[in-house]
Amino acid sequence: MTHATPPATTDQGQAPVAGVPDRNLALELVRATEAAAIRAVPFIGKGDKIAVDRAAVDAMRAFLATVSFDGVVVIGEGEKDEAPMLFNGEKVGNGEGPACDVAVDPVDGTSMAAAGRQNALSVIAVSDRGAMLDASSVFYMDKLVTGPEGRGVVDIRKPVGENIRALAGALGKQPEEVVVAILDRPRHEDLVRQIREAGAGTRLLLDGDVAGGINAARPGTRIDMCVGIGGSPEGVTTACAVKALGGFMQGVLAPKDDAERERGLAAGLRMDHVYEVDDLVAGENAFFVATGVTDSGLLEGVRHIDGIIRTESIVLRTKSGTVRRVIAEHPASKWL
């Protein structure tokens, strides 16, 4: 006996009209990242990263409460007793609409923003409920991100020099033309040396490897690859964006010690396993939104011009593969 396939449904559970796209949740979520970025601005360069985070969290939480979805924070900034941070397990949204996993980072790069440096973003990623890997029990993850050209060409298990040469060939470049983004940390000294010995250049990131991963996956940027150990939460968040961009990503959990390794195993995580992008974020219904807090190679930071607050955001969706840049002008008088 054969069964008819039911029609595809919209996020609200209703069948869409033929030829009419269904709801893009990210276009509503961008209001929350815009608000977080705007509220963080008075604290940029003041040296207080807690104040930066608090202002952004309060704004993001308030705006998320107005969005029609049933969200649960899978990747947050703190535990429940560390409020006002958006904590793991916190419910967000108005409780109506699709059930979603949510990853939030009201300011990715709080230290950068507090110091007045570049590359701070406000970020939200959303997927269907149960689709995001909960890697919270292991804080660090070794990551490899490239554009689609890296698929079947590079592998995180290979030496970085071999990956650089292989990717260069796939891109039609010489290894000397390849640029690799990597967090500027003591743990990466040997990896930086290997990258340079392979002839490639480095783009050292003081913080915020989410932007580094996105730029590696996007066409037309000056970054060809992003590698190294960064936060596991940032890795899963980046995977939402990489998936929407059609890029390539792998991750391997990097526990700090045996105790963290055991916690990860107890939580069902696999150590020494290569997580592909579909393992980090399953399915084809994920959204990624980021708004610039300070200037970066990805987005302009918040601008105040003649009574107007200007923001720039990027809005991605895996289902459609659409990349939108949203430039908004907000009357400053509304934010006083």
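Modeller: Please keep in mind that this is a predicted model. Let us start with a pair of strands: β6, residues 179-183, and β7 run parallel to each other and are joined over 5 bridges.

Colleague: What makes β6 and β7 a pair?

Modeller: Two strands count as paired if there are at least two bridges between them. β6 and β7 have 5 bridges, and therefore they meet the condition.

Colleague: Let us turn to single residues. Why is Val52 called buried?

Modeller: A residue is buried if its relative accessibility is under 20%. Val52 has 0%, so Val52 counts as buried. Val52 belongs to helix α2, and leaving out residues up to four places away in sequence, Val52 touches Ala40, Phe43, Val107, Ala113 and Ala114.

Colleague: What makes Thr291 buried as well?

Modeller: The cut-off of 20% applies here too. Thr291 has a relative accessibility of 0%, and therefore Thr291 is buried. Thr291 lies in strand β11, residues 287-292. Beyond its neighbours within four places in sequence, the contacts of Thr291 include Val30, Leu121, Leu299 and Glu312.

Colleague: How many residues are in the largest nonpolar core, and which have the most contacts inside it?

Modeller: The largest nonpolar core has 44 residues, and Leu253, Leu269, Leu280 and Phe288 are those with the most contacts inside it. Helix α7 (residues 232-245) gives the largest share of this core, 7 residues. A second, separate core has 39 residues, among them Cys100, Val102, Ile309 and Val315.

Colleague: How do you know that Leu253 and Leu269 are in contact?

Modeller: Contact requires heavy atoms within 4.5 Å.

Colleague: What is the volume of the largest cavity, and why is it called a cavity?

Modeller: Its volume is about 90 Å³. It is called a cavity because a 1.4 Å probe fits inside but cannot get out. The count comes to 1 cavity of 30 Å³ or more. There are 16 residues in the lining of the largest cavity, and Lys143, Asp209, Cys226, Val227 and Gly228 lie nearest its centre. Strand β8 gives the most to this lining, with 5 residues.

Colleague: How much space lies in the largest pocket, and which residues are closest to its centre?

Modeller: The largest pocket holds about 770 Å³ of space. It is lined by 34 residues, and Asp105, Phe139, Gly231, Pro233 and Glu234 are the closest to its centre.

Terms used: Residues are numbered from 1 along each chain as its sequence is written. This is a predicted model: local features need pLDDT of at least 70, side-chain atom pairs count only at pLDDT 80 or more; totals for chains, interfaces and linings use all residues. Side-chain values use heavy atoms; hydrogens and water are left out. Helices (H or I, at least four residues) and strands (E, at least two) are DSSP runs, numbered from the N terminus. A nonpolar core is a set of buried Ala, Val, Leu, Ile, Met, Phe, Trp, Tyr and Cys residues joined through side-chain atoms within 4.5 Å. Buried means under 20% relative accessible area, exposed over 50%, partly exposed in between (1.4 Å probe, protein chains only). On a 1 Å grid over the protein atoms alone, a cavity is a set of points where a 1.4 Å probe fits but cannot get out, and a pocket is an open set with protein on both sides within 12 Å along at least five of seven lines; lining residues have an atom within 4 Å of a point. Grid points are joined across faces, edges and corners, and a volume is the space filled by probe spheres set on the points.
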